[in-house]
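Dear colleague,

I am passing this structure on to you, together with some notes on what was found in it. Please read them with the model open beside you.

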Amino acid sequence: MTAITDPIPQAQEPDYRIVPARHWGRLAGSAVALVILGALAQSVITNPRWGWDVFAKWFFEPTVLAALGTTLSLTALGALFGFALGTVLALARVSSSPLLVALSWGFIWLFRSIPLVVLLLLINNLGYLYANISLGVPFTDLTLFSFPTTQSITPYFAAVLGLTLNMGAFSAEIIRGGILSVDQGQHEAAAALGLPKGQESRRIILPQAMRAILPTAFNEIIGLAKGTSVVYILALPELFYTIQIIYRRNLEVIPLLMVATAWYLVILSVLSLAQYHIERFFSRGALRSTAVKTRIRQAAAWTEAPAKGGTVDIRGVCKSFGGVRVLDNVSLHLAPGSVTAILGPSGSGKSTLLRTINHLERADQGLISIDGALVGYRQDGRTLYELKEPEIRAKRRDVGMVFQNFNLFPHLTVLENLTLAPMSLRGLPRAEAEALALGLLARVGLADKADAWPRQLSGGQQQRVAIARALALKPKVLLFDEPTSALDPELVGEVLDVIKTLARSGTTLVVVTHEMGFAREVADTVVFMEQGRILETGSPEKVFTAPDHPRTAAFLAKVL
């Protein structure tokens, strides 16, 4: 049979001229707008009463520029100190301490209620209430220092303090809203990696919250720049107050008001430009860009010896949410290096059991230990004392977790996702952490994605990155919470292949899954759960071919 090499002749189509549709309504609207703008420009330029010569004379006048400097400094200091205070108040509002929440709420309630003008007058007249400002030991006569209030609180200081308190109260709610906008999975992913609370806030939560915070925050800062005009009640020579003094002397009201307007427009424009660039910085990784930065990176061959898995003992664990018993006297022993698949219908307690292993959920009763060390508690005789949060997070470094919804940090590149915990928690130098990360990415088949953002990856690729991130801390135990349930069917295989490879690595694996074929092929032990109880445990051959419990048989009959 002779191969056809010549292309099939195509009929020559004539050239067509394409005429776009005419939108006469748009053209008419544009023409009207152009006429209106032209008329306004002509009116402003040709009307001598605008006094453009007076405007030009005073625009760069030293007195006006000095007043502009006062306005800018008040804006900068009020915004800086206000948002610093607001951040502290917001973190207190979302803390688990009722006292901190109450104090923060009370501060916000009070200073959002007091008008700024009233607040400035109260601070400026604080000397009437307290003749001296002093610091000493409460309830004693011991005083460390003391000085007269009236000499300390100058009009400028009163203005900065008033603007700070006012901005702090409003910005606290803006920042709190941004923090609450971050998906709960990000908190859990940071906790599962063992990141300290402070680092979780700085590196994970606040950078993502900034996308929600920035638009409203810059609105507040722009409002603050204009709102500094209220400090005229303190006789402080800011921009508007100075303009008022000048036009009361020369009676050139309109030209001088235009000087103030023009400078406020300049301030607004600069702040808007800053907002644009800052928002672009914090939106890194937020959009699925087609342009992926690629750099040639040398990944070392994976030569590390197989990991040593941990022994997991679960004894009599119970957990309730409200009045619902989610785990009911669960006990399991998982040998080091074993692969355990946990099966069961939705709501049977599988994921909750997994989360109690690394103490993301606190068990109401029972014990969980890894290599003999209790998870989340310190034992003293027959008494268990829950560890402090930093100690719990430190112990979680031995228990990696891969979530159903990936929970990658979207503002960090793939490489940064993998290097964050080893550098922060294990103290690895950046070069060593990156070499480890690149080796892990090669291991999961994603060596070329080191510089990509999570949103530029498919679901299967994101899950493989999540597995590599969990492995970066070299855990003894690796937990998988339905790792394929959020994936399209054609992507399931690539994730399961990675887990199959890990099953031979020596790490203890615990996998909650609905993939029966995978569980049968890879697991050493299959656990069937229903209504918070373990109904059956055994080898895959035993459970899948000859289950002891009739409920296990009924479940498998439906899903196989």
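The side chain of Ser 348 reaches the backbone oxygen of Pro 345 at 2.8 Å, a polar contact in the sense of a pair of N or O atoms within 3.5 Å, where within protein one must be able to donate a hydrogen and the other to accept it, and where residues adjacent in sequence count only if both atoms are side-chain atoms. Please bear in mind that this is a predicted model, in which local features need pLDDT of at least 70 and side-chain atom pairs count only at pLDDT 80 or more, while totals for chains, interfaces and linings use all residues. Residues are numbered from 1 along each chain as its sequence is written, and side-chain values use heavy atoms, with hydrogens and water left out.

Ser 348 sits in the loop between β5 (339-343) and α13 (350-357), where helices (H or I, at least four residues) and strands (E, at least two) are DSSP runs numbered from the N terminus. With a relative accessibility of 1%, Ser 348 counts as buried (buried means under 20% relative accessible area, exposed over 50%, and partly exposed in between, with a 1.4 Å probe and protein chains only). Leaving aside residues up to four places away in sequence, Ser 348 touches Val 326, Met 529, Glu 530, Gln 531, Gly 532 and Arg 533, contact being heavy atoms within 4.5 Å.

Next come the charged pairs. Side chains of opposite charge can pair when their charged atoms come close. The whole structure holds 17 salt bridges, each being a side-chain nitrogen of Lys or Arg within 4 Å of a carboxyl oxygen of Asp or Glu. One of them joins Glu 361 and Arg 355 (3.5 Å, N to O), and both of these residues are buried. Another joins Arg 393 and Glu 389 at 3.0 Å, N to O; the two are four residues apart in helix α14 (residues 389-395) and therefore separated by about one helical turn. Arg 393 is buried, with a relative accessible area of 4%, whereas Glu 389, at 34%, is partly exposed. This pair also belongs to a network of salt bridges that links Glu 200, Glu 389, Arg 393 and Arg 396.

A further salt bridge, between Arg 464 and Glu 494, has an N to O distance of 3.0 Å. Arg 464 lies in helix α17 (residues 459-471) and Glu 494 in helix α18 (residues 489-502), so the pair ties together parts that are 30 residues apart in sequence. Arg 464 is buried at 11% relative accessibility, while Glu 494 is partly exposed at 24%.

Finally, there is the packing of helices. The axes of helix α15 (residues 414-425) and α17 come within 8 Å and cross at roughly 20°, the axes being lines fitted to C-alpha atoms, for helices over the stretch in contact, with angles that run from 0 to 180 degrees between N-to-C directions. That makes α15 roughly parallel to α17 (angles under 35 degrees count as roughly parallel, over 145 as roughly antiparallel, 65 to 115 as roughly perpendicular and the rest as oblique). Where they meet, Val 414, Asn 417 and Leu 418 of α15 face Val 465, Ala 468 and Arg 469 of α17 in contact.

For helix α11 (residues 239-250) and helix α12 (residues 253-282), the axes come within 9 Å and cross at roughly 165°, and the two helices are therefore roughly antiparallel to each other.
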